[in-house]
Amino acid sequence: MPLIIVSADDFKQGDEISQKVAGTLGYRYLGRDLLHYVATENQVSEEELARALDEAPGLLTRRARRQRLLGLIEAACLNVLLDDSVVCFGLAAHMYVRAVSHALKVRIINEPEQRAEALAEAEGLSVDKARKQVMRQTKDERRWSEETYNLDQTDASLYDMVISLGTLELDKAVEIISDTVGYRKFQPMTYSRKLMQDKALAAAVRRELMGQFPEIRVEANDGTVVVFIQSLKKDQRKKQELVRQIAGGLPGVRHVEVHIIRDLVGQAAQSSR
Amino acid sequence: MSGNLQVLLLDDEPIVGRRLKPALAKIGCEVDVFEDPELALAKMAQKEYDVVVTDIRMDQIDGMQVLEFVRERWPRSKVIMITGYAMMSLAREAMEKGAFDFIAKPFKPDDLRRVIAKAAHALGSDIDFDVVEVEKANG
């Protein structure tokens with residue numbers, strides 16, 4: 001059965017809809033609880049993982065660390081999404097499960113005015129102040145996705161369906177999503193399952209290597225893994241061997257190719273010494 | 001369904017039929033191979049196949065038209081789409097039009113055999129896919 005990936009401009013509403021859809025269809029719900037598992041498995045703090053998902057990077061953000069945390073979440077999330085019948089929310093999966101045809105991608109939006117009113121009431125703010133906060137949240141949300149995945153997550157073209165809670169009741173949204181996922185076009189097939197397996201394998205390899213190679217890109221195809229890393233010319237062979245050794249030991253990896261992207265900054269620094 | 005699984009394989013690249021026909025015969029399929037979609041359609045107008053495996057991108061008649069023809073003429077037949085130009089929109093279109101499965105090229109003969117075995121199962125007849133596995137294990 002298909003996957004449902006939900007993204008929302010209001011976390012609480014997105015979470016509620018996702019849980020209700022999972023309950024209606026008898027699917028597994030995959031949400032922020034996963035962070036507890038990721039934190040325990042990798043000896044990082046759950047709060048730090050949540051911050052990486054929620055906060056756009058600032059001037060003082062350690063970007064390599066943030067990328068690593070997001071990579072840990074992505075690998076764990078994709079591993080669960082290899083199974084069928086999952087509703088996923090709050091783990092940024094809409095950013096990395098884009099081309100998979102058996103994943104129904106849904107965006108839940110709300111009218112800014114309604115969000116401001118709800119925020120003003122919940123936090124005892126003036127409507128004007130709440131309005132500004134909502135505008136800031138929208139801007140931050142956009143910046144988060146652009147800086148992390150080079151995509152604007154508020155762009156409707158990333159989704160199969162955009163539902164406005166300004167027009168529809170929350171329960172109606174649940175009903176529409178539950179009905180839509182029954183369309184034949186969202187059924188898993190050999191091609192889409194393989195794509196998901198390739199993504200999960202690439203994420204698992206990346207997770208293992210990110211600690212040593214922060215600027216890493218990994219592609220996988222049917223057990224063949226292609227790794228792109230930066231290196232100075234003099235370290236190239238040593239690094240290639242290390243990548244082959246680490247990646248080659250992972251389950252599902254049959255062959256490893258390592259491509260070097262010249263570390264031009266490092267090269268320049270070295271030659272000026 | 002009685003006897004061997006009747007399979008029609010349509011791909012305008014001759015190598016595909018040459019390679020896959022013996023692979024499918026090993027699991028007990030009777031395979032008719034076509035490179036010309038028009039000839040394949042003419043044959044299918046007369047004969048009901050259990051499984052039709054068709055490439056998507058071909059000259060004159062494409063795989064989607066073949067799929068539509070089979071779904072209308074022989075609704076019981078299972079159609080498996082294969083393509084070297086796989087993408088999400090095409091995969092979804094094929095499934096929506098009633099394809100049984102969609103496979104991206106290149107693939108291994110085992111990948112297709114596995115899907116054919118699933119199709120046979122859906123038609124109420126089981127193929128002993130393990131026979132091939134055992135043969136491979138024994139070298």
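This is a predicted model: local features need pLDDT of at least 70, side-chain atom pairs count only at pLDDT 80 or more; totals for chains, interfaces and linings use all residues.

In what order do the elements of chain B run from the N terminus on?

Chain B runs β-α-β-α-β-α-β-α-β-α-α from the N terminus on. That gives 6 helices and 5 strands. The chain has 139 residues, and 39% of them are buried. Take the contacts between residues at least 6 apart in sequence: 61% join residues at least 24 apart.

Start with the sheet of chain B. Its 5 strands form an open sheet in the order β2-β1-β3-β4-β5, with parallel pairing. The edges are held by β2 (29–34) and β5 (101–104) of chain B. Each has a single partner strand, so one side of each lacks a neighbour in the sheet. Neighbouring strands are turned by 20 degrees against each other on average, direction ignored.

Now the pairings. Strand β1 (residues 5–10) of chain B runs parallel to β2(B), and 6 bridges join them. Within that pair, B:L5 stands opposite B:C29 of β2(B). Further across, β3(B) and β4(B) are parallel too, with 5 bridges between them. There, B:V53 has B:I80 of β4(B) as its bridge partner.

Of its 6 residues, 6 are buried. Both faces are covered. B:K78, B:I80 and B:I82 are buried on one side, and B:V79, B:M81 and B:T83 are buried on the other.

A helix packs here as well. Helix α3 (residues 63–73) of chain B lies across β1, β3 (51–55) and β4 (78–83) of chain B. Its direction makes about 160 degrees with that of β3(B).

Next comes helix α5 (residues 109–122) of chain B. It has 14 residues. From first C-alpha to last it reaches 20 Å, close to the 20 Å expected at 1.5 Å a residue. The buried residues of α5(B) are B:L112, B:R113, B:V115, B:I116, B:A117, B:A119 and B:A120. After α5(B) comes B:G124, with a positive phi near 90 degrees.

Stay with B:I116. Leaving out residues up to four places away in sequence, B:I116 touches B:V7, B:L24, B:I27, B:C29, B:V51 and B:I127. The largest nonpolar core has 108 residues, and A:C88, B:V7 and B:I116 touch the most other members. Helix α9 (residues 190–209) of chain A gives the most to this core, with 10 residues. Domain 1 (3–186) and domain 2 (190–271) of chain A both give residues to the core, so it lies between them.

That brings in chain A, which is divided into those two domains. Their C-alpha centres lie 28 Å apart. At the contact, 16 residues of domain 1 of chain A meet 13 residues of domain 2 of chain A. On the domain 1 side, helix α4 (residues 63–81) of chain A gives the most, with 10 residues.

Chain A has an open sheet of 5 strands as well, in the order β2-β3-β1-β4-β5, and its pairing is parallel. Its edge strands are β2 (28–30) and β5 (161–164) of chain A, each pairing on one side only. The twist averages 20 degrees from one strand to the next. β2(A) pairs with strand β3 (residues 86–89) of chain A in the parallel sense, over 3 bridges. In that pair, A:R28 stands opposite A:V86 of β3(A).

Two helices lie against these strands. Helix α1 (residues 11–25) of chain A packs on the sheet and touches β1 (3–8), β2, β3 and β4 (103–109) of chain A. The direction of α1 makes about 160 degrees with that of β1(A). α4(A) lies across β1, β2 and β3 of chain A, at about 160 degrees to β3(A).

A:A247 is found in helix α10 (residues 236–248) of chain A. Why does A:A247 count as buried? The cut-off is 20 or more other C-beta atoms within 10 Å, and A:A247 has 24. Setting aside residues up to four places away in sequence, A:A247 touches A:V205, A:E208, A:L209, A:V225, A:V227, A:V253 and A:V256. A:V227 is 20 residues from A:A247 in sequence, and their C-alpha atoms are 9.0 Å apart.

Note on methods. Residues are numbered from 1 along each chain as its sequence is written. Chains are lettered from A and ligands numbered from 1 in the order in which they are written. Helices (H or I, at least four residues) and strands (E, at least two) are DSSP runs, numbered from the N terminus. The expected span of a helix is 1.5 Å times one less than its number of residues. A residue is buried if 20 or more other C-beta atoms lie within 10 Å of its own, exposed if 12 or fewer, and partly exposed in between; C-beta atoms are placed from the backbone. Two strands pair if DSSP finds at least two bridges between them. Axes are lines fitted to C-alpha atoms, for helices over the stretch in contact, and angles run from 0 to 180 degrees between N-to-C directions. Two residues are in contact if their C-beta atoms, placed from the backbone, lie within 7 Å. A nonpolar core is a set of buried Ala, Val, Leu, Ile, Met, Phe, Trp, Tyr and Cys residues joined through C-beta atoms within 7 Å. Domain bounds come from an automatic or database domain assignment.
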